[in-house]
Amino acid sequence: EIRKELIGLEIEPEKIMVTGIPVDIKFAHSYSCKLLRVKNGLNTSLPTILVMSGAYGMGDITDICRYLAGFEEKIQVLVIAGNDEKLKRKIERIAEPSANPFYVYGFVDNVFELMALSDLLISKAGGLTTTEALASNLPMLLYKPIPGQEVGNANYLRNMGVAEVAYNLKDFIRIFEKLMAQPQILKKMADNCSKVKKPLATIGASKLLLELIK
């Protein structure tokens with residue numbers, strides 16, 4: 001899509017190479033969901049929801065976590081709070097009385113594993129996180145995208161059939177309940193990821209740069 005826009009701005013097509021956003025090559029590998037859940041001490045059969053706040057928090061993530069804690073059907077929830085220690089403590093307080101198991105993390109270096117073992121990602125529409133999710137064939141529920149780049153990302157991913165977008169908590173609840181009630185939708189979204197993703201973008205971009213500098 002960006003290539004088309006650049007050509008519309010009269011940039012020569014042969015100067016534009018679409019590589020995708022480079023991410024760690026670990027996201028390109030195939031993993032056993034069951035084995036990863038065992039490795040990380042998780043239930044192997046429960047629907048697994050991954051909530052990522054970004055490095056410094058996502059805003060209304062506490063409202064999302066309260067809702068997930070009280071969700072009537074049995075699920076397990078993984079929350080990555082990043083470097084936001086205050087947010088991490090808030091989520092831990094919400095999780096303590098929850099009937100649904102919560103696993104609350106700060107900064108982690110195994111996002112590729114947590115994405116590979118999850119059924120749905122709840123996150124902002126940042127370029128890097130959504131690219132990692134695509135590479136992991138992980139359906140997304142994008143929450144309150146920021147006007148500008150994030151809205152553009154969210155619209156593109158929704159149009160590609162790999163994400164749903166919620167602009168408020170009411171929307172979020174409606175969409176989440178639909179996805180949990182109809183797992184075939186999640187399956188279709190995961191299948192669509194494989195058509196959109198460019199998991200080897202790091203290698204492609206590196207080769208291009210090496211060719212340019214000879």
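Colleague: What counts as a salt bridge here?
Modeller: A side-chain nitrogen of Lys or Arg within 4 Å of a carboxyl oxygen of Asp or Glu. The model is a predicted one.

Colleague: How many salt bridges by that rule?
Modeller: The count is 10 salt bridges.

Colleague: Start with E113. Which side chain does E113 meet?
Modeller: That of K39, in a salt bridge with N to O at 2.4 Å. E113 sits in helix α5 (residues 111-116) and K39 in helix α2 (residues 33-39), so the pair ties together parts 74 residues apart in sequence.

Colleague: Is E113 buried or exposed?
Modeller: Buried, at 8% relative accessibility. K39 is exposed, with a relative accessible area of 58%.

Colleague: Moving on to K124. What does K124 pair with?
Modeller: E150, and the closest N and O atoms are 3.8 Å apart. K124 is in the loop between β4 (120-123) and α6 (127-135), while E150 is in helix α7 (residues 149-159), 26 residues apart.

Colleague: And K124, buried or exposed?
Modeller: K124 counts as buried because its relative accessibility is 17%, and the cut-off for buried is under 20%. E150 is also buried, at 15%.

Colleague: Next, E164. Which residue forms a salt bridge with E164?
Modeller: K178, with the closest N and O atoms 2.9 Å apart.

Colleague: What about accessibility for E164 and K178?
Modeller: E164 is buried, with a relative accessible area of 18%. K178 is partly exposed, at 28%.

Notes: Residues numbered from 1 in each chain as written. Predicted model: local features only at pLDDT ≥ 70, side-chain atom pairs only at ≥ 80, totals over all residues. Heavy atoms only, no water. Helix = DSSP H or I, 4+ residues; strand = E, 2+ residues; numbered from the N terminus. Buried < 20%, exposed > 50% of the residue type's maximum accessible area, 1.4 Å probe, protein only.
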